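Biologist: I would like to learn how to read the inside of a protein model. Could we go through it together, one feature at a time?

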Amino acid sequence: MTLSVRNVAVAAALSAALCTALAGCGGGSGSSASGSGSGSGSGHQAARLGTPGASTPPSAAASAGAPQAAGSSPAAAPPPAKAPTLAPGPNGLTPVFERAKQQADKTVALTFDADMTSDQGQRAADGEHFDNPQLISTLRTLKVPSTIFMTGRWAEEYPDQAKAIGTDPNFEIANHSYSHHAFKSPCYGLPTLDAAAARADVDRAFAAFRTAGAVNTVPYFRFPGGCYDDQALRAISTAKVTAVQWDVVSGDAFAKDPDAVAEQVLTGVKPGSVVVMHCTRSAAPVTEEAIHKIVPELRKRGYRFVKVSELIGK
């Protein structure tokens, strides 16, 4: 197993420029060699998740994401009893997953980073929204199984929403750190944690999920900014998580054109792909609209939407 992720296509120029300026919100894939890229937002980006509707979680009887007859929609499967993980890499380093090796099955995982840094509490108090209820509602309505990479600070700010997402079988919650500080430097200007602080940050995020009442959590971790190296992989190796990156950049961070976001995803997706997107109205305002274009088109092409745990289990 490779302990670095492949470079992916460069995001749209405007999005990339904005992301670089605003500490790496939604750029390219991380790399064990350079740690370049993003996919998780920055100290200036917020990501937020939605409150549930009053609807009952969809039945698991139908195959999630499978093409359906007109007027019907597929139902989500329940979460696995135990999420599969990858074996440790050389010298016990944290394993890294980017895309399913089994690529015959036309499956794709949409992942959404729920970013909030540890110092953004005042901005939330002042009225900035770090959640996106409409996006989560749309994913429920369309019955798209999804993996939400959540920061612990986000779960503390929105405990009811974290619990609702973390008890809905349509979703699984993965760890995106507590503070959204960097695990490698440089990383888009994010403050950098040392090894001991990095390891504690992972634990603190999982603790925040438990406190909020989220139960559908999985032992996956996404580096803030997508930045990592062998030192970072070593620092969190005792956490026994699989680091999850991506091979498709949506370009949704600070985007204003949902059609451009949708086109970038549709152009990049291949069987077994992991797509990185965001759950943030303020930092990713057109993601929900783009989902309305992405989901039906990929289903038309024969793709089935799955959580990261299903891709890793292949």
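Biologist: Is Phe 221 buried or exposed?

Modeller: Buried means under 20% relative accessible area, exposed means over 50%, and partly exposed lies in between, with a 1.4 Å probe and protein chains only. Phe 221 has 0% relative accessibility, so Phe 221 counts as buried. Phe 183, at 7%, counts as buried too. Please keep in mind that this is a predicted model, where local features need pLDDT of at least 70, side-chain atom pairs count only at pLDDT 80 or more, and totals for chains, interfaces and linings use all residues. Residues are numbered from 1 along each chain as its sequence is written, and side-chain values use heavy atoms, with hydrogens and water left out.

Biologist: How many aromatic pairs are there?

Modeller: Rings of Phe, Tyr and Trp (its six-membered ring) pair if their centres lie within 6.5 Å; planes under 30 degrees apart count as stacked, over 60 as edge-to-face and the rest as tilted. By that rule there are six aromatic pairs. In one of them, the ring centres of Phe 183 and Phe 221 are 5.2 Å apart and the planes meet at 50°, so this pair is tilted.

Biologist: Which parts does the pair of Phe 183 and Phe 221 tie together?

Modeller: Helices (H or I, at least four residues) and strands (E, at least two) are DSSP runs, numbered from the N terminus. Phe 183 lies in the loop between β4 (171-175) and α6 (195-212), while Phe 221 is in strand β5 (residues 217-221), so the pair ties together parts that are 38 residues apart in sequence.

Modeller: Now compare Phe 223 and Tyr 228: their ring centres are 5.2 Å apart with planes at 15°, so that pair is stacked. Both of these residues are buried. Phe 183, Phe 221, Phe 223 and Tyr 228 form one aromatic cluster.

Biologist: What is the largest nonpolar core?

Modeller: In soluble globular proteins, nonpolar side chains tend to be buried together. A nonpolar core is a set of buried Ala, Val, Leu, Ile, Met, Phe, Trp, Tyr and Cys residues joined through side-chain atoms within 4.5 Å. The largest one here has 62 residues, and Phe 183 and Phe 223 are among those with the most contacts inside it. Helix α6 gives the largest share of this core, seven residues. A second, separate core has 17 residues, including Ala 83 and Leu 311.

Biologist: And what share of the protein is buried?

Modeller: Of the 314 residues, 58% are buried.
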